[in-house]
Amino acid sequence: MSETDLKNEINAAAVEPLLPIEKKLIGWSLGLGIGLLIILIGINHFFPIKL
Amino acid sequence: MSDLAVKVSEPIALKARLNEDWLAVVIGLAVFGLALVSISGTDLLGWAVTTSVYTDLAQALNPFAKAYGWLGGGGALVATYAALLVVLSLGVSTLGADVRKFAIAFTAVFAIAYASWILGSYAYIAAVTPAEQQKFGLAWSLKLTNEGGFIVALLSGLVIANFFPRLADWLKEAIRPELYIKIAIVILGATVAVTAAGRLNLASSLLLRGAAAIVEAYLIYWAVIYYISRKWFGFSREWSVPLASGISICGVAAAIATGGAIRARPAVPILVSSLVVVFAVVEVLILPFLAQTFLWQEPLVAGAWIGLAIKTDGAAVAGGGITESLIMAKAAAEGIKYQPGWILATTTTVKIFIDIFIGVWAFILGYIWTNHIDKGPDKAKPAEIWQRFPKFILGFLFVFAVSLWLAVGSTPEIAKALPAAAGEANIFRVIFFILTFFSIGVLSDFRKLWQQGFGKLAAVYFVSLFGFVIWVGLLISWLFFSGFKPPLAS
């Protein structure tokens, strides 16, 4: 496959709608990420960096 | 990664990539082991060349150890080149490279890269403090520190890539930024351990905060970029996965690992990787200077930010090195002298924490894709987690653990001699950084960004990187590191 083929492919590719499993992946990742970040911020607050 | 030099029509050689990781471990451990011998009083690496800030070129180069002073600067440079040539030629022969081509190309790469480094140490470029300017009799200087040589090496590579493409092509056998940076990171384990040994509490606090980097890169950045790529730019799943991984996790390695996991065609993640490298260069040229200007009073925030914002190990860790030099220089000018090593250690910790989970994330995506999206007989297996694990991290952890034990768990005599041994190994870490910077430059053909078709890929990258990756990275670095400074130098 040449680079030209790939370039044409990028420009001409039909749009693939988001599947429910992709939406779940994005939603769970973001939800879990924000939740864990809040927990880590809490840990950071109660156990600050020790010098 | 050297894979970038591979034409897009060639398949990704997973085996070769793993070998490159192990090769980095072997070479890094060899340097570390030889440096450790100096603790016993036998100096095996003291001939390695070092460069000082200079106005008289004849004074610029010296062997690391006085015992090898008879070599002179030129002799030390030749000895260093010859040793690297032999070791790396043997190494790349195990990867199936053409050793003769490599040796010729490496000679040119070393010559140009080290000349760039020497140029970067010219006092008009490197001198930082008024005392240094006075010492060299200068009315002005660019104050880039002698690590400004990294920037000079990068610019040399960029000039070759964009104005002398035939020369870039001729050099490609020795243009292996991922190999060079992986060796450097393994060696870096010793310096990080020596730095951490002095302040174990602070070091353990840094480790805890590395977890925030994992959450940010994998769960927040990835999801948002994948959504943008699919929904706003209409990219297919096959393109969106490597793109999201390349921008959010760790450039080249993550794009290739996750691309392989979802069974994308090999050319797709490799093409994405070339864009990652180009953007990483832009970041390395901008972010350390922004950090020096706006974050010099928050050095650890700056170190974490560089690790979170710059993708690809080479650019991030090397960018952390430049940031440390620039911030320490600015702080020194204000009368604050920080202990060296902490900013770079923060960048490295963040980057390594992110790297560790590439295999796990690739497996999760592979599982979802092969079981729910592209169902077929080729299912993702847990063994892929290990296959895709970046092995050079094991080398870093081993060197770190041994050095830390020698620093805090062995005899006082050994602990006292360790910093000098780590310093000797660090000479090679710096040289591999120089080779990395130059190689990244040579791989960064900016014309790709203008080529019709790739503009859309670059647009996703641009929107994601400058739209939120940099800013969210800054926010999270601030939340976790603000208010905490590196220890002051005694």
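**Helix packing and the chain interface**

Helix H8 (residues 177-198) and helix H13 (residues 313-333) of chain B pack with their axes 9 Å apart, at an angle of about 45 degrees. This is a predicted model, in which local features need pLDDT of at least 70, side-chain atom pairs count only at pLDDT 80 or more, and totals for chains, interfaces and linings use all residues. Residues are numbered from 1 along each chain as its sequence is written, chains are lettered from A and ligands numbered from 1 in the order in which they are written, and side-chain values use heavy atoms, without hydrogens and water.

User: Why are H8(B) and H13(B) called oblique to each other?

Analyst: Angles under 35 degrees count as roughly parallel, over 145 as roughly antiparallel, 65 to 115 as roughly perpendicular and the rest as oblique. The angle here is about 45 degrees, and H8(B) and H13(B) are therefore oblique.

User: What makes H6(B) roughly antiparallel to H11(B)?

Analyst: The axes of helix H6 (residues 148-163) and helix H11 (residues 267-294) of chain B come within 11 Å and cross at roughly 150 degrees. That angle makes H6(B) roughly antiparallel to H11(B).

User: Why is the pairing of A:Glu16 with B:Arg237 called a salt bridge?

Analyst: The term requires a side-chain nitrogen of Lys or Arg within 4 Å of a carboxyl oxygen of Asp or Glu. For A:Glu16 and B:Arg237 the closest N and O atoms are 3.2 Å apart, and the pair forms a salt bridge. The count between chain B and chain A is three salt bridges.

Conventions. Axes fitted to C-alpha atoms, helices over the stretch in contact; angles between N-to-C directions. Helix = DSSP H or I, 4+ residues; strand = E, 2+ residues; numbered from the N terminus.
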